[in-house]
Amino acid sequence: MARRAGKQLHGGPVTYGVLAVFTLGSLFPLVWTAIAASRNNARLAETPPPLWFGGNLFDNLATAWNDANMGKALFNTTIVASSIAATTVLFATLAGFAFAKLRFRAKNLLLLLVIGTMMVPPQLSVVPLFMAIAELEWTNHLQAVILPMMVSAFGVFFMRQYLISALPTELIEAARVDGAHSLRVVWHVVFPIARPAMAVLGMLTFVMAWNEFFWPIIALTQENPTVQVALTGLGRGYIPDQSVIMAGALLGTLPLLIAFALFGKQIVGGIMQGAVKG
């Protein structure tokens with residue numbers, strides 16, 4: 001048994017076959033988007049649809065880039081998604097630490113209220129939120145999208161659950177005995193231990209903010225769009241050009257793929273490290 005425990009497990013043909021099927025199924029939407037972006041509208045309307053790349057990819061990408069103001073949309077979306085991810089990770093970690101390890105009155109009630117906000121449909125807050133940003137003259141400005149999403153109830157609950165098990169109370173008490181104040185405890189104790197969960201939460205929040213459509217389409221216009229708002233401009237006309245729309249969707253997806261290719265190893269390492277600590 002000891003020898004078996006020390007050996008590395010290897011998957012059989014069935015395991016690799018199942019993984020290959022799931023991998024191909026996951027890649028198919030992206031591949032189909034690229035195929036559709038390389039064709040023209042007439043070919044996409046034919047039956048059966050095309051299953052291989054055509055020769056119009058770069059022309060359609062250029063058309064989508066110019067018609068949808070995609071350069072500005074990508075810049076705006078990067079600012080919005082990065083700001084939302086950074087503030088959500090910061091505030092959710094601080095609030096999660098407070099709910100996990102600090103003692104204060106009505107802690108359980110406040111936590112219940114935070115979790116309860118997840119049950120409220122976001123559509124209910126659209127009218128008062130739009131009235132507020134209109135009063136502040138923030139319509140068609142990026143802060144109108146960033147500020148309402150600077151923290152999430154899911155992020156607070158996620159960080160609380162992680163810190164309950166990953167952060168020993170004795171470590172906080174030892175820091176207090178050494179004379180560390182609250183901010184120093186957070187900076188030197190909480191943040192290093194919470195780093196894996198912060199990386200996961202940051203990735204999830206960044207992708208969510210990048211793909212957000214409902215509130216940006218209300219708060220912004222085509223003059224100052226995010227990617228999702230800009231893509232709506234490609235669907236106008238009596239007969240929308242589906243190949244150009246797919247090209248715009250491909251342009252909006254590429255930054256996420258590049259980010260994951262660059263930081264995927266750190267993200268997966270953070271997830272695995274969090275799993276070991278938990």
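How many cavities of 30 Å³ or more does a search of the whole structure find? The search finds one. This is a predicted model, where local features need pLDDT of at least 70, side-chain atom pairs count only at pLDDT 80 or more, and totals for chains, interfaces and linings use all residues. Residues are numbered from 1 along each chain as its sequence is written, and side-chain values use heavy atoms, without hydrogens or water.

**View A. Helices H5 and H11 pack together at about 140 degrees.** Angles run from 0 to 180 degrees between N-to-C directions. Nonpolar means Ala, Val, Leu, Ile, Met, Phe, Trp, Tyr, Cys and Pro; charged means Asp, Glu, Lys and Arg; the others, Gly among them, are polar.

**View B. The largest cavity has a volume of about 30 Å³.** A cavity is a set of points on a 1 Å grid over the protein atoms alone where a 1.4 Å probe fits but cannot get out; lining residues have an atom within 4 Å of a point. Volume is the space filled by probe spheres on the points, joined across faces, edges and corners. Thr77, Trp210 and Glu212 are among the lining residues. H5 and H11 each supply at least two. The lining has four nonpolar, three polar and one charged residues.

Note on methods:
Helix = DSSP H or I, 4+ residues; strand = E, 2+ residues; numbered from the N terminus. 1 Å grid on protein atoms, 1.4 Å probe; cavity = no way out; pocket = protein on both sides within 12 Å on 5 of 7 lines; lining within 4 Å.
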